[in-house]
Amino acid sequence: MTTQNESFLSSVERMFDQAADLVGIPDDLRHKIKVANSTYTVRFGVRLRNKLYTFVGYRSVHSEHREPVKGGIRYSPHADQDEVEALASLMTYKCALVEAPFGGSKGALVIDPNEWEPHELERITRRFTQELAKRSLISPAQNVPAPDMGTGEREMSWMADEYKRLYPNDLNGWGCVTGKPVSKGGIRGRVEATGRGIQYALKEAFRHPDDIEHAGLSGTLEGKRIVVQGLGNVGYHAAQFLSQEDDAIIVGVMERDGAVVDEAGIDIDGLHKHIHDTGGVKGYQGYTPDSDSVLKMDCDIFIPAAMEGVISADNADAIKAKIIIEAANGPVTFSANEILRDKKCLIIPDLYANAGGVTVSYFEWVKNIGHIRFGRMQRRQHERQTLDMVNAIEEMVGKKFPKGHLERIIEGPTELDLVRSGLDDVMREGYQVISEKWRSDNRIPDLRTAAMMIAIERIRDSYDSLGI
Ligand code: NAD
């Protein structure tokens, strides 16, 4: 996808160059890190509706300094090579930043999933998987796709199943993709992970009063007015958690067919159900066809969670949000970033903000190659040990623990508890290192450049130790 002035890939590359200048790495290594190692285009036929349809798919491998490489597969009629390469490069930087031990990759199928029946999509997905498998572009050891725009648990399940059919002897076969349903080797908490990560990232940002004040805000998330673009997997979960658990107010939601505005706070579950039932936001209370005015409305936090390039040099000046957290990949172009930075808007960049997805994918992959659920060995041991301690305390003080508390204290962690704990840790630490970097040197203009610098430094170190 390209915007009027600047392609997605060139925008990411300009962000990379700005950070690489500050890191000061040699030109030859800079070039090696920046370019995609390979991008595979496949055109394959599937006979459907009495006709042979030719589909175009991509899988780009940006960097193999760590393997397997990792990154989602999106189904979108607008996907092209530029977009896939930009997304693959962001995956490299994202994994380095949050210390997920992967190189970066990304894939796409040029398709509008709404135009096909589920059984047709399944055949198309299985054929695409065969094409990827032929070239080791899906494999637990080399390349591990995940869901992205237009794909989810269902598509990952078809892919894993097809891979298992092709390679029945691969003991780690379920680790060939992440984002699978739990019944097919998935992990609890993966579906919500990217949205949950957005919530954790914002909570950590609000624990840094200097950063929040920079954007003209103070206090906590409670009562903050939020606008969300795209109520799909990422946008829905982020909006739901922030409104239900942190008492933020979702005042605007933009979708493909218009927007919904409600100053009292939109019922996210109600709207989500309406979209599911009717295919869009039209007809919901507070509906307006004028999405553009919602994009430009006064709010504390804007969460773009749909697609890239939605804030460009053309509209950045009109954006009034004080914080933008990039749930989507590449929603703010390089030029727009400069304009918003001058307006003191705090942009929490994609390569950190939406890393919750790959983080929990990493946990899922570890679960698959470890062949055991997290917490299985420890849970009851923890329960017994804590109960022993509780009994000893009760005996010593001659009083009983209050019942509700007792149950919570002795209960060992479930897989979901551990996944959320791991994700929270990654998101907190991630914010701390980029904020600290930003504050450490006044030549570093923003959180994005700081995040990119940390990623580049880690990849450089990895190349140094590769000895090439
Ligand atoms: P999704 O397909 O579940 O949701 C996308 C939503 O955006 C849909 O509801 C769609 O109708 C809406 N949308 C599309 N075009 C729009 C437009 N022009 N205006 C307003 N709304 C529009 O996709 P997703 O998985 O939630 O991914 C969204 C973004 O988050 C993408 O940029 C993706 O790369 C990024 N991301 C996703 C994950 C993940 O785990 N799914 C992880 C990291 C980053």
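**Rings and strands**

Analyst: This is a predicted model, and the structure holds 11 aromatic pairs.

User: Why is the pair of Phe55 and Trp116 called edge-to-face?

Analyst: The ring centres of Phe55 and Trp116 are 5.6 Å apart, and a pair needs centres within 6.5 Å. Their planes stand at 65°; over 60 degrees counts as edge-to-face, so the label applies to this pair.

User: Which parts of the chain does this pair tie together?

Analyst: Phe55 belongs to strand β2, while Trp116 is in the loop between β4 and α4, so the parts joined are 61 residues apart in sequence. Phe55 and Trp116 are both buried.

User: What makes Phe102 and Tyr362 an edge-to-face pair?

Analyst: Phe102 and Tyr362 are 5.7 Å apart centre to centre, with 90° between the planes.

User: Is Phe102 buried or exposed, and how do you know?

Analyst: Phe102 has a relative accessible area of 1%. Buried means under 20%, so Phe102 is buried.

User: And why is Tyr362 called partly exposed?

Analyst: The relative accessible area of Tyr362 is 25%. This value lies between 20% and 50%, so Tyr362 counts as partly exposed.

User: How do you know that strands β1 and β2 pair?

Analyst: A pairing needs at least two bridges, and 11 bridges join β1 to β2, so the two strands pair. They run antiparallel and form a hairpin with two residues between them. Tyr40 stands opposite Arg59 in β2.

Technical notes:
Residues are numbered from 1 along each chain as its sequence is written. This is a predicted model: local features need pLDDT of at least 70, side-chain atom pairs count only at pLDDT 80 or more; totals for chains, interfaces and linings use all residues. Side-chain values use heavy atoms; hydrogens and water are left out. Helices (H or I, at least four residues) and strands (E, at least two) are DSSP runs, numbered from the N terminus. Rings of Phe, Tyr and Trp (its six-membered ring) pair if their centres lie within 6.5 Å; planes under 30 degrees apart count as stacked, over 60 as edge-to-face and the rest as tilted. Buried means under 20% relative accessible area, exposed over 50%, partly exposed in between (1.4 Å probe, protein chains only).
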